[in-house]
Amino acid sequence: MQKVDLVPDVEADVPVGLRERKKRARREALIDSTHRLVAQHGLDAVTVDAICADAGVSSRTFFNYFESKDDAVLGIQPWSLDAGVAETFATGGPTGRLGADLEVLVAAMLEHPMISHDRFATVMELARQEPRLLVRQMAWMENHRGTVQGLVERRLAGAHPARVELLGMLLMIVTRATFVRWDSAGGTGDAREHLPDVMHDLRAVLADD
């Protein structure tokens, strides 16, 4: 499937855990090469071929992980949300209380961060220098807000569309705010540990007269 790799793709007989670790290592190598080259030369001057040469992979391998060099800078990966958690929320669970169940859904969205803390800091620095990266990040979030909003729409069948849209946007905002709080705390541990504080702040704002 791939031609050249720092971490070769051996395949059917490799245990799933090892295969996943190799895929993660390859993805991180591509992100690191992209960050290094963009920091040195600027986003527009860096090509996918240059990234592949630096990381020691083929261009075909690159496009197995990222749609573009912008996505590689940001560490964007396919949307990941546990199907069981999503279905449970959409059908009224797990507690039957909307606020609590929204928190469970956000926790599931936070389970697999796209990028580590040290790389996240690099992303923020590069995005300050290259505003189009922020545009791409927001576009990615907006695209996946539709998925979340679809779950809310199923959960609140017959609700006013404006309410559905509001809750979809709120879920994405709470997810981002939790990552920001995690980053501010040093980016160690599980980002989900900071979700209760974000929810507490949100409830305090909403309760404020």
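**Exercise 1. Find which helix gives the largest share of the lining of the largest pocket, then describe that pocket.**

Start with the share: H1 supplies 6 residues of the lining, the largest share. Helices here are DSSP runs (H or I, at least four residues; strands are E, at least two), numbered from the N terminus. Before going on, bear in mind that this is a predicted model, where local features need pLDDT of at least 70, side-chain atom pairs count only at pLDDT 80 or more, and totals for chains, interfaces and linings use all residues. Residues are numbered from 1 along each chain as its sequence is written, and side-chain values use heavy atoms, with hydrogens and water left out.

Next, who else joins in? H1 (16–41), H3 (59–65), H7 (117–129) and H8 (131–155) each give at least two lining residues. The lining has 29 residues in total, and Arg27, Gln77, Pro78, Pro113 and Met114 sit nearest the pocket's centre. A pocket, by the way, is an open set of points on a 1 Å grid over the protein atoms alone, where a 1.4 Å probe fits, with protein on both sides within 12 Å along at least five of seven lines; lining residues have an atom within 4 Å of a point.

Then sort the lining by type: 12 nonpolar, 8 polar and 9 charged. Charged covers Asp, Glu, Lys and Arg; nonpolar covers Ala, Val, Leu, Ile, Met, Phe, Trp, Tyr, Cys and Pro; the others, Gly among them, are polar.

Domain 1 (14–73) and domain 2 (83–206) both contribute lining residues, so the pocket lies between them. Those bounds come from an automatic or database domain assignment.

**Exercise 2. Check the length of H10 (residues 195–207) and work out where its buried residues point.**

Length: the rule is 1.5 Å times one less than the number of residues. For the 13 residues of H10 that gives 18 Å, and its end C-alpha atoms are 18 Å apart, which agrees.

Burial: Leu195, Val198 and Met199 are the buried residues of H10 (buried is under 20% relative accessible area, exposed over 50%, partly exposed in between, with a 1.4 Å probe and protein chains only). Down the helix axis they fall within an arc of 95°, so they line one face of H10; the arc is that of the directions from the axis to the C-beta atoms. On the other side, His200 and Ala207 are exposed.

**Exercise 3. Sum up the secondary structure of the chain.**

Count: 10 helices and 0 strands. Burial: 40% of the 209 residues count as buried.
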